[in-house]
Amino acid sequence: MSFRTPGSLRSVILDDIRGAQKMLSGVARMTAMEGSRHLSQLVGAPVHLKCENLQRTGSFKLRGAYVRIAGLRQEERAAGVVAASAGNHAQGVALASSLLGVRCTVFMPVGAPLPKVAATREYGADVRLHGHVIDETLAAAQDYANETGAVFIHPFDHPDIIAGQGTVGLEILEQCPEVRTILVGVGGGGLLAGVAVAVKSVRPDVKLIGVQAQGAAAYPPSLAAGHPVSIDAPSTMADGIKVGRPGDVPFKIIGDLVDEVRTVSEDALSSALLLCLERAKLVVEPAGASTVAALLSEPKAFEGPVVALLSGGNVDPLLMQRILRHGMAAAGRYLSLRLRLTDRPGALAALLLALSEADANVLDVSHVRTDPRLGLTEAEVELQLETKGPEHCEQVATTLRAAGYTIMA
């Protein structure tokens, strides 16, 4: 299988994806399909999670990168390949190049998470840090390709890439033949386009739904306009789908085959990541959890059985820590309070005892005794509490009021 025309808008057909599947045999894993009892109860129908977060390199990106590089002519391989990425695509291209014996250079932003930089180097790539935003990094990679003759490996806008990603769709049909709805996270569109071709060619009755972050949703306005539209300054914690413009090749496929593209909030993304960790015991990055976020946002909108594709699990530990805190706050698991106390010995201890009896875990306390707003015998306490959810938050507040405390905020 090969697509030779640079920048070609040639579409992808089922035979391309079946050819890619043969090519990937022994390279990419058939990742697990896990049922989710919690999500099934919310949706009112069986929900399964397709765990591409457990793929080699931690995401689906290896599939398309390998197919693209394997399809190069011998003289193209000799010139090497170059890519630009902040994470998943970088690792996919690096491993694919290593497996195929092709020299690989990867440009990454200066602020790229250190674990992703280290992993890309360990897979054999020559990593070069350039630019503070991905557009600058991309420009540097393209300049390098022009100067050296290296083949630029686009993350989503090439038929080989789409065919490789489409093998996920064939696996979904094999693992869950009764599926009625498939949800796929969308950035540039390579994964959704590939899955759409694979699934709709065999099962046109299956509903395909793309999911984008609200702050980086280029597909809804593009589909409305009938052509790819750029959005200014896309912003989301889901860096794997933070793309400002759809790819030309996937856009046409998605416009023809995908039933709907939805958007999800940052709160929904963080809540979804937390749910995957707590309920499914799966480490998933925000982009990978976007499909679960869509289910949490409107669970009764989907006909089951449903398959939610978890596209990746490469999340920086420090970012994950912040996201989990955000997710817990969105789920009502944190409570911030400000109270006035009588400034006397034992008053703070009594308050903490009341909180202990209410089964609230104190994370932080700020005790202010000198402030122009306070009376002569008053003190103010600001509390950060960990709770069990929204109902428990109400119970804690009710308990404190019943004990005579005035809650200021």
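**Figure 1. The loop between H12 and H13 holds Lys281.** This close-up, like the others, is drawn from a predicted model. The backbone of Lys281 has a phi near 60 degrees, a positive value in a residue other than glycine. Most residues other than glycine have a negative phi. Lys281 is exposed, its relative accessible area being 66%.

**Figure 2. Helix H12 (residues 266–279) packs across helix H13 (residues 290–297), with the axes coming within 8 Å.** The two axes cross at roughly 105 degrees, which means that H12 is roughly perpendicular to H13. From H12, the residues in contact are Ala268, Leu269, Ser271, Ala272, Leu275 and Cys276. Their partners in H13 are Ser290, Val292, Ala293, Leu296 and Ser297. Sorted by class, this contact contains eight nonpolar and three polar residues, and no charged residues.

**Figure 3. A cis peptide bond joins Gly304 to Pro305.** The omega angle of this bond is near -5 degrees. Most peptide bonds are trans. Pro305 belongs to the loop that runs between H13 and strand S10 (306–310).

**Figure 4. Asp359 occupies the loop between helix H15 (347–357) and strand S12 (361–368).** Phi of Asp359 is near 65 degrees, which is a positive value in a residue other than glycine. With a relative accessibility of 43%, Asp359 counts as partly exposed, because that class lies between the 20% limit for buried and the 50% limit for exposed residues.

**Figure 5. Helix H3 (residues 61–70) is mostly covered.** Ten of the ten residues of H3 are buried. The buried set contains the charged residues Lys61, Arg63 and Arg68. Also buried in H3 are Leu62, Gly64, Ala65, Tyr66, Val67, Ile69 and Ala70. The elements that cover these residues include the helices H1 (14–23), H4 (74–79), H5 (88–100) and H8 (159–175). Strands S3 (81–84) and S6 (151–152) are also among the covering elements.

**Figure 6. Helix H5, which is among the elements covering H3, also packs with helix H6 (residues 114–122).** The axes of H5 and H6 lie 8 Å apart, at an angle of about 15 degrees. H5 is therefore roughly parallel to H6, since angles under 35 degrees fall in that class. The crossing of H5 past H6 is left-handed. On the H5 side, Ala90, Gln91 and Ala94 take part in the contact. On the H6 side, Lys116, Ala119 and Thr120 meet them. By class, the contact of H5 with H6 comprises three nonpolar residues, two polar residues and one charged residue.

**Figure 7. Cys176 is buried, at 1% relative accessibility.** The closest cysteine sulfur to that of Cys176 belongs to Cys51 and is 13 Å away, too far for a bond.

Methods:
Residues are numbered from 1 along each chain as its sequence is written. This is a predicted model: local features need pLDDT of at least 70, side-chain atom pairs count only at pLDDT 80 or more; totals for chains, interfaces and linings use all residues. Side-chain values use heavy atoms; hydrogens and water are left out. Buried means under 20% relative accessible area, exposed over 50%, partly exposed in between (1.4 Å probe, protein chains only). Helices (H or I, at least four residues) and strands (E, at least two) are DSSP runs, numbered from the N terminus. Contact means heavy atoms within 4.5 Å. Axes are lines fitted to C-alpha atoms, for helices over the stretch in contact, and angles run from 0 to 180 degrees between N-to-C directions. Angles under 35 degrees count as roughly parallel, over 145 as roughly antiparallel, 65 to 115 as roughly perpendicular and the rest as oblique. A crossing is left-handed if the near helix is turned anticlockwise from the far one by less than a right angle, and right-handed if clockwise. A disulfide is a pair of cysteine sulfur atoms within 2.5 Å.
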